[in-house]
Amino acid sequence: MAASCVITSPEEEHTPKLDLGNIQTPLVFNPSMLNLQATIPSQFIWPDDEKPCLEAPELDVPLIDLQNFLCDSHSTLDASRLISEACNKHGFFLVVNHGISEQLISDAHEYMSRFFDMPLSEKQRIQRKAGESCGYASSFTGRFSTKLPWKETLSFQFRDDKSRPKNVQDYFCDALGHEFEPFGKVYQEYCEAMSSLSLKIMELLGISLGVSGEYFKSFFEENDSIMRLNYYPPCQKPDLTFGTGPHCDPTSLTILHQDHVHGLQVFVDNQWRSISPNPKAFVVNIGDTFMALSNNRYKSCLHRAVVNSKSERKSLAFFLCPKKDRVVKPPRELLDSNIARRYPDFTWSMFLEFTQKHYRADMNTLQAFTDWLTNKRNIQ
């Protein structure tokens, strides 16, 4: 997710569009074959003024200890203060003592490795379709043709839906067959754990904003979220490309677990900074949807992933999203006569459609969506 958009239709001159280029014969991203070449295909090479810096100074990210969450008022207030400071500046923090089983995290990484080690033809059985947010994607070659990311992903939905309690497990069995039921069970449990952890973090975010701790927790109950497995193969020219280009997450909250390889970088104070892997911690960051919910009080920060020539890198990303028909608007505690609304009311389904069909996510996604939505409503 990165880059910008161009106008492609004179009838929709106010509508941002994807810079798709010529995608009649999309490149097949097969790292085992591409790494045999002396250089990388031009579709992966970024402009000189956007190329990565592989070495970046460390970002001082606060550690939020959840061990005494809501049991000790002093610990809760201290955690909310640290979150407030981080979210006012860059929107990134770490959570430790989160209660997620180390074995579950290990299993999630293990099954991720098993999936990406499968032959390309097997992974393509659940190829991500145009306009959809779930499925297997090999560098998004079917969607974009320039500034491609050096990665493979598998994305799938998680719904906190009591009427279909095993929706992740069902996805794996339905899409790949019953032999993938162990995959489905692990990621079903992992997503449930991430959803519960997300709601705890939402309570702290509410407290830190001076809103009831229950407000955002209730808002995200029955969430309709996205789980993504990221695989960044070694690249013979890591100084020319990205694993993931600079972008802000359109979603509400991201909970990331990194393996032992460095790669995550965050843009703070006009400088790229790195966040080192910590096996006992989750990296958490604010997304555009929560920035809108907070009426721009908390920031969705620009970040990216770099690659290297020696080691593969993997990460588990859970993107918390509200129920698709839930209206995103700030609580009244964050509005008064001196503070104007920064963004119009919208639903997550509208924003998701915008990022999948009209715009390649970058640092301006929320503002571009706001402009697009406002123009669309004015025309209607």
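Analyst: An axis here is a line fitted to C-alpha atoms, for a helix over the stretch in contact, and angles run from 0 to 180 degrees between N-to-C directions. With that in hand, welcome to this predicted model!

User: At what angle do α9 and α10 pack?

Analyst: Picture one line through each helix, with 11 Å between the axes of α9 and α10. Angles from 65 to 115 degrees count as roughly perpendicular, and α9 and α10 are therefore placed in that class. The angle at which they pack is about 110°.

User: Of the residues in the contact of α9 with α10, how many are charged?

Analyst: On the α9 side you will find Met350, Phe351, Phe354 and Thr355, and they meet α10 residues including Phe369, Trp372 and Arg377. By class, the contact has 8 nonpolar and 2 polar residues. The number of charged residues is 1.

User: Which elements do the buried residues of α9 pack against?

Analyst: Helix α9 covers residues 348-357, and its buried residues are Trp348, Phe351, Leu352, Phe354, Thr355 and Gln356. The elements they pack against are β5, α8, β13, β14 and α10.

User: What share of the residues in the protein chain is buried?

Analyst: To count as buried, a residue needs a relative accessible area under 20%. The C-alpha atoms of the chain fill a box of roughly 55 × 55 × 45 Å along the principal axes. Out of 380 residues, the buried share is 56%.

User: Which residues is Leu205 in contact with, leaving aside its neighbours within four places in sequence?

Analyst: Leu205 is one of the α6 residues that meet α2, and two of its partners, Ile83 and Cys87, belong to the α2 side of that contact. Once close sequence neighbours are left aside, the partners of Leu205 are Ile83, Cys87, Phe216, Leu253, Ile286, Phe290 and Tyr298.

User: At what angle do the axes of α2 and α6 cross?

Analyst: Helix α2 spans residues 73-89, and its axis comes within 8 Å of that of α6. The two helices are therefore roughly perpendicular to each other. Their contact residues divide into 6 nonpolar, 4 polar and no charged. The crossing angle is roughly 80°.

User: Is Met202 buried or exposed?

Analyst: Met202 sits in helix α6. Leaving aside neighbours within four places, its contacts include Gly213, Phe216, Leu253 and Phe290. Its relative accessible area is 0%, so Met202 is buried.

User: Where is Ile100, and is it buried or exposed?

Analyst: Ile100 has its place in the loop between β2 (92-96) and α3 (102-116). Beyond its neighbours within four places, it is in contact with Ile105, Ala193, Met194, Leu197 and Phe282. Its relative accessibility is 12%, under the 20% cut-off, so Ile100 counts as buried.

User: What is the phi of Glu222?

Analyst: Most residues other than glycine have a negative phi. Glu222 lies in the loop between α7 (213-219) and β5 (224-232), and at 40% relative accessibility it counts as partly exposed. Its phi is positive, near 60°.

User: What is the phi of Asn296?

Analyst: You can find Asn296 in the loop between α8 (288-293) and β11 (303-305). At 15% relative accessibility, Asn296 counts as buried. Although it is not a glycine, its phi is positive, at about 75°.

Technical notes:
Residues numbered from 1 in each chain as written. Predicted model: local features only at pLDDT ≥ 70, side-chain atom pairs only at ≥ 80, totals over all residues. Heavy atoms only, no water. Contact = heavy atoms within 4.5 Å. Helix = DSSP H or I, 4+ residues; strand = E, 2+ residues; numbered from the N terminus. Buried < 20%, exposed > 50% of the residue type's maximum accessible area, 1.4 Å probe, protein only. Parallel < 35°, antiparallel > 145°, perpendicular 65-115°, else oblique. Nonpolar A, V, L, I, M, F, W, Y, C, P; charged D, E, K, R; others polar.
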